[in-house]
Amino acid sequence: MVMPVPEDAFSEGLPDHEGASVQETFELFSALAPRGWRVELIEGEIYVVPPANGEHEEIVSELSGQVRDHDKGLGRYTGIGLSLPGATDAVRVIPDLVIAPKGSFDDQQEWHGPDPVLLVAEITSSSTARRDRVQKIRAYARAGIPVYLLIDREAGEAVVCSEPVGDDYTHKFIHKLGTLVPLRALRGLVLDTGAF
């Protein structure tokens, strides 16, 4: 038998946040999100993303390992929050993988500027694919991040976006997964997507 839940069961003891700004609501969601969940703010919209599945994490791990094997001076960061300039408001994202020189995020800050970032990578999932393909391209380009690598599992492609100008990248190269993908801006790394 299903018991009815009182209307105020989940709000009891919580402060009233009526009239809160998007930024304040984002801060609240971030504070309350369960461990492993990501809360992002992109173009004025708040997204709450559940933990990734195993296939997704295997790709992140393989990509991270190839970067490590190529250049030990590069840091490979998962779970790093980036604060990026937005069209109207600040953007807060937690990319699947951030590549920057080691020591770039050696502080206690929760959100970091994009200056040291050499590459961000996103691996699509059914809940994030549209944002990864559209809004995040704009956000990363606007921030001047040199390379955005999109591993699009649904399309079976690796998309390398480089040379940001304004809200977009001037160069976009599409490679089928299973092929070698050159990442010239990342110190000559050639990514083997056969393991994806």
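Analyst: In this predicted model, the buried residues of helix α2 are His56, Ile59, Val60, Leu63, Ser64, Gly65, Gln66 and Val67. An α-helix has 3.6 residues a turn, so residues three or four places apart point the same way. The cover over the buried residues of α2 includes the strands β3 (74-77), β6 (97-101), β8 (119-123), β9 (147-152) and β13 (189-192).

The geometry of the helix can be checked against its length. With 17 residues at 1.5 Å a residue, α2 should span 24 Å. At the start of α2, a side-chain oxygen of asparagine 53 comes to within 3.2 Å of the backbone nitrogen of glutamate 55.

The relative accessible area of histidine 56 is 3%, and because buried means under 20%, histidine 56 counts as buried. Its side chain makes a polar contact of 2.9 Å with the side chain of glutamate 57. Leaving aside residues up to four places away in sequence, histidine 56 touches Asp96, Ile123, Thr124 and Arg153.

The chain has 3 aromatic pairs. In one of them, tyrosine 77 and phenylalanine 105 have ring centres 4.9 Å apart and planes at 90°, so the pair is edge-to-face. This pair links distant parts of the chain, with tyrosine 77 in strand β3 and phenylalanine 105 in the loop between β6 and β7 (111-112), 28 residues apart. Both tyrosine 77 and phenylalanine 105 are buried.

Arginine 92 places its charged end over the ring of tryptophan 111, 6.0 Å from the ring centre. Arginine 131 lies over the face of tyrosine 47, and here the distance to the ring centre is 4.0 Å.

Glutamate 43 is not a glycine, yet it has a positive phi of about 50°. Glutamate 43 is found in the loop between β1 (38-42) and β2 (45-49), and is partly exposed, with a relative accessible area of 33%. Glutamate 163, also not a glycine, has a positive phi of about 55°. Glutamate 163 lies in strand β10, residues 157-165, and is partly exposed at a relative accessible area of 46%.

The whole chain provides the setting for these details. Its secondary structure comes to 4 helices and 13 strands, and its C-alpha atoms fill a box of roughly 60 × 40 × 30 Å along the principal axes. Of the 196 residues in the chain, 41% are buried. Among contacts between residues at least 6 apart in sequence, 50% join residues at least 24 apart. The chain exposes about 10700 Å², of which carbon and sulfur atoms supply 52%.

Note on methods. Residues numbered from 1 in each chain as written. Predicted model: local features only at pLDDT ≥ 70, side-chain atom pairs only at ≥ 80, totals over all residues. Heavy atoms only, no water. Buried < 20%, exposed > 50% of the residue type's maximum accessible area, 1.4 Å probe, protein only. Polar contact = N/O pair within 3.5 Å; in protein donor to acceptor, adjacent residues only side chain to side chain. Contact = heavy atoms within 4.5 Å. Helix = DSSP H or I, 4+ residues; strand = E, 2+ residues; numbered from the N terminus. Expected span 1.5 Å × (residues − 1). Phe/Tyr/Trp six-rings, centres within 6.5 Å; stacked < 30°, edge-to-face > 60°. Lys NZ or Arg CZ within 6 Å of the ring centre and 35° of its normal. Areas by Shrake-Rupley, 256 points an atom, 1.4 Å probe, with all protein chains shown as cover.
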